Amino acid sequence: MGTANDSSKDISDRLAEKHPKVVFVLGGPGSGKGTQCEKIVQHFGYTHLSAGDLLRAEKNSGSENGIMIQNMMNEGKIVPSEVTIKLLQKAMLDSGNDKFLIDGFPRNEENRAAFEALTKIEPEFVLYFNCPEKEMERRILNRNQGREDDNIETIRKRFKVFLESSLPVIEYYKGKGKVREIDAAKPVEEVFEEVKDIFNPKIPKVPKDENVEGRCMCCAIL
């Protein structure tokens with residue numbers, strides 16, 4: 001009978017065979033990353049996976065795993081990285097796609113290291129929505145979602161947690177040249193114009209030269 005480790009290895013191997021393209025999407029609460037993810041899905045055919053949504057869905061499913069997640073959350077404990085990663089891997093395989101936006105993950109360095117170790121996948125890049133704290137506060141307080149945690153003290157606490165936990169992840173990938181930083185304080189459409197340039201970079205045009213007739217293009221470029 002196979003062990004849980006065998007099962008994890010199997011799902012990791014099956015996923016690695018697909019050579020999926022993964023983009024981590026990070027930004028503080030109210031940075032607008034959810035809105036931009038919807039647009040990326042529509043325009044570029046990615047599958048959007050939210051680690052938080054997957055954990056909540058599993059928690060509400062009543063499964064053995066879900067009960068464990070519920071108990072940990074009730075006790076104020078952090079769900080182990082392996083649990084979140086396994087949910088992400090299953091969602092990636094089930095989607096049938098090979099391009100993924102992973103939203104709100106990795107939340108910290110431990111998440112990041114565990115994801116790369118377990119999946120053997122490195123992100124193509126990290127899309128970082130950088131937005132001033134005051135602007136994020138304004139947006140969250142203005143939006144009408146009826147969320148109990150949308151008060152000023154909780155917003156500031158969430159922002160502090162983001163800075164302490166996620167910025168080291170961003171710095172790590174900056175060191176590898178993999179961070180694409182967006183000024184997220186701009187209006188939605190302006191932000192998406194920047195996003196489009198990242199996902200669909202413009203190819204620089206070769207300058208026209210009136211004297212290149214009869215020469216090969218490689219000479220014309222030189």
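UniProt positions follow the numbering used here, feature names are shortened, and annotations may be inferred rather than shown by experiment.

Welcome to the close-ups! This is a predicted model, in which local features need pLDDT of at least 70, side-chain atom pairs count only at pLDDT 80 or more, and totals for chains, interfaces and linings use all residues. Residues are numbered from 1 along each chain as its sequence is written, and side-chain values use heavy atoms, with hydrogens and water left out.

**View 1. The protein has ten helices and five strands.** Helices (H or I, at least four residues) and strands (E, at least two) are DSSP runs, numbered from the N terminus. Of the 222 residues in the protein, 40% are buried; buried means under 20% relative accessible area, exposed over 50%, and partly exposed in between (1.4 Å probe, protein chains only). Among contacts (heavy atoms within 4.5 Å) with a separation of 6 or more, 74% join residues 24 or more positions apart.

View 2. Arg107 sits in the loop between strand 3 (99-103) and helix 6. Its relative accessibility is 53%, so Arg107 counts as exposed. Apart from neighbours within four places in sequence, Arg107 is in contact with Ser165 and Ser166. Arg158 belongs to helix 8 (residues 152-175), and Arg158 counts as partly exposed because its relative accessibility is 25%.

**View 3. A cis peptide bond links Phe105 to Pro106.** The omega of this bond is near 0 degrees. Most residues other than glycine have a negative phi, and most peptide bonds are trans. Pro106 is found in the loop between strand 3 and helix 6.

View 4. Is Asn111 buried or exposed? Asn111 counts as buried because its relative accessibility is 9%. Setting aside neighbours within four places in sequence, Asn111 contacts Ser81, Ile85, Phe105 and Pro106. A polar atom of the Asn111 side chain also lies 3.0 Å from the backbone nitrogen of Arg107. A polar contact is a pair of N or O atoms within 3.5 Å; within protein, one must be able to donate a hydrogen and the other to accept it, and residues adjacent in sequence count only if both atoms are side-chain atoms.

**View 5. Helix 5 (residues 81-95) packs with helix 6.** At what angle do helix 5 and helix 6 pack? The angle is about 50 degrees, with the axes 10 Å apart. That makes helix 5 oblique to helix 6. Axes are lines fitted to C-alpha atoms, for helices over the stretch in contact, and angles run from 0 to 180 degrees between N-to-C directions. Angles under 35 degrees count as roughly parallel, over 145 as roughly antiparallel, 65 to 115 as roughly perpendicular and the rest as oblique. On the helix 5 side, Ser81, Glu82, Ile85 and Gln89 meet Glu110, Asn111, Ala114, Phe115, Leu118 and Thr119 of helix 6. Ala114 is buried, at 10% relative accessibility, and touches Ser81 and Ile85, not counting residues up to four places away in sequence. Although Ala114 and Ser81 are 33 residues apart along the chain, their C-alpha atoms are separated by 6.6 Å.

**View 6. Asn108 caps the N-terminal end of helix 6.** A side-chain oxygen of Asn108 lies 3.2 Å from the backbone nitrogen of Glu110. Just after helix 6, Lys120 takes a positive phi of about 60 degrees, although Lys120 is not a glycine. Lys120 is exposed, with a relative accessible area of 67%.

**View 7. Thr35 and Lys186 are among the residues of another UniProt "binding site" entry (unreviewed entry).** Thr35 has its place in helix 2 (residues 33-44) and is partly exposed, with a relative accessible area of 38%. Lys186 is found in the loop between strand 5 (179-183) and helix 9 (188-199). Lys186 is partly exposed at 31%, and touches Arg139, Val191 and Glu194, not counting residues up to four places away in sequence.
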